[in-house]
Amino acid sequence: ASVTFVTHDGEKQEVPFVEGQNLMQVATDNGVSGIDGDCGGDAACGTCHVIVEQQWAAAAGSRTVAEEQMLEMNPDCQATSRLSCQIALNAEHDGLIVNLPEFQF
Ligand code: FES
């Protein structure tokens, strides 16, 4: 299974994942630049922000309360914005596409 990260410049990077990983881990394990993950996945830093491609929004699930609070403070937050550490990947996410913001805050 794989997921694709699209940089702000439109460059695509497809990386493999195994079920149970979260999307931030997959990015950092595969050297995807533009995802920092400073807090290690606790929804506490906001540096793993991604904007989920519209057709994948439902599959990506909904924001947790802590995640919502972090995203509210983010000037780049969009309707399908998520903290990637809060997306636990399963088989349904094969082919997921997420966009990277220009900057992480
Ligand atoms: Fe810190 Fe996701 S890694 S909020």
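The structure is a predicted model, and the protein chain has an average pLDDT of 97, with 100% of the residues scoring at least 70. The protein chain holds three helices and five strands, which follow one another from the N terminus in the order β-β-α-β-α-α-β-β. Its radius of gyration is 12 Å, close to the 13 Å that the globule rule gives for 105 residues, so the chain is as compact as a globular protein of that length.

**Confidence and overall dimensions**

- For the model as a whole, the scores are ipTM 0.99 and pTM 0.96.
- Taken along the principal axes, the box filled by the C-alpha atoms of the protein chain is roughly 30 × 25 × 25 Å.
- Of the 105 residues in the protein chain, 31% count as buried.
- When contacts between residues at least 6 apart in sequence are considered, 63% of them in the protein chain join residues that are at least 24 apart.

**The sheet**

- Five strands form an open sheet in the order β2-β1-β5-β3-β4, and their pairing is mixed.
- The edges of the sheet are taken by β2 (12–16) and β4 (81–83), each of which has a single partner strand, so one side of each is left without a neighbour in the sheet.
- On average, and with direction ignored, neighbouring strands of this sheet are turned by 35 degrees against each other.
- Strands of a sheet pair through backbone hydrogen bonds, and the pairing can be either parallel or antiparallel.

**β3 and its two partners**

- With β4, strand β3 pairs in the antiparallel sense, and three bridges are found between them.
- Within this pairing, Val50 has Arg82 of β4 as its bridge partner, while Ile51 has Ser81 of β4 as its bridge partner.
- Strand β3 is also joined to β5 (residues 97–99), by two bridges and in an antiparallel arrangement, and here Val52 stands opposite Val98 of β5.

**The nonpolar core**

- The largest nonpolar core has 22 residues, and those that touch the most other members are Leu23, Met24, Val26, Ala27 and Ile35.
- Two or more residues of this core come from each of the elements β1 (2–6), α1 (23–29) and β3 (49–52).
- Helix α1 supplies the largest share of this core, which amounts to four residues.
- If residues up to four places away in sequence are left out, Ile35 touches Met24, Ala27, Thr28, Cys48, Ser84 and Leu100.

- Gln69 belongs to helix α3 (residues 65–72), and with 13 other C-beta atoms within 10 Å it is classed as partly exposed.
- Gln69 and Ala91 are 22 residues apart along the chain, and a distance of 28 Å separates their C-alpha atoms.

Note on methods:
Residues are numbered from 1 along each chain as its sequence is written. This is a predicted model: local features need pLDDT of at least 70, side-chain atom pairs count only at pLDDT 80 or more; totals for chains, interfaces and linings use all residues. A nonpolar core is a set of buried Ala, Val, Leu, Ile, Met, Phe, Trp, Tyr and Cys residues joined through C-beta atoms within 7 Å. A residue is buried if 20 or more other C-beta atoms lie within 10 Å of its own, exposed if 12 or fewer, and partly exposed in between; C-beta atoms are placed from the backbone. Two residues are in contact if their C-beta atoms, placed from the backbone, lie within 7 Å. The radius of gyration is taken over C-alpha atoms; the globule rule is 2.2 Å times the number of residues to the power 0.38. Two strands pair if DSSP finds at least two bridges between them. Axes are lines fitted to C-alpha atoms, for helices over the stretch in contact, and angles run from 0 to 180 degrees between N-to-C directions. pLDDT is the predictor's confidence in each residue, from 0 to 100.
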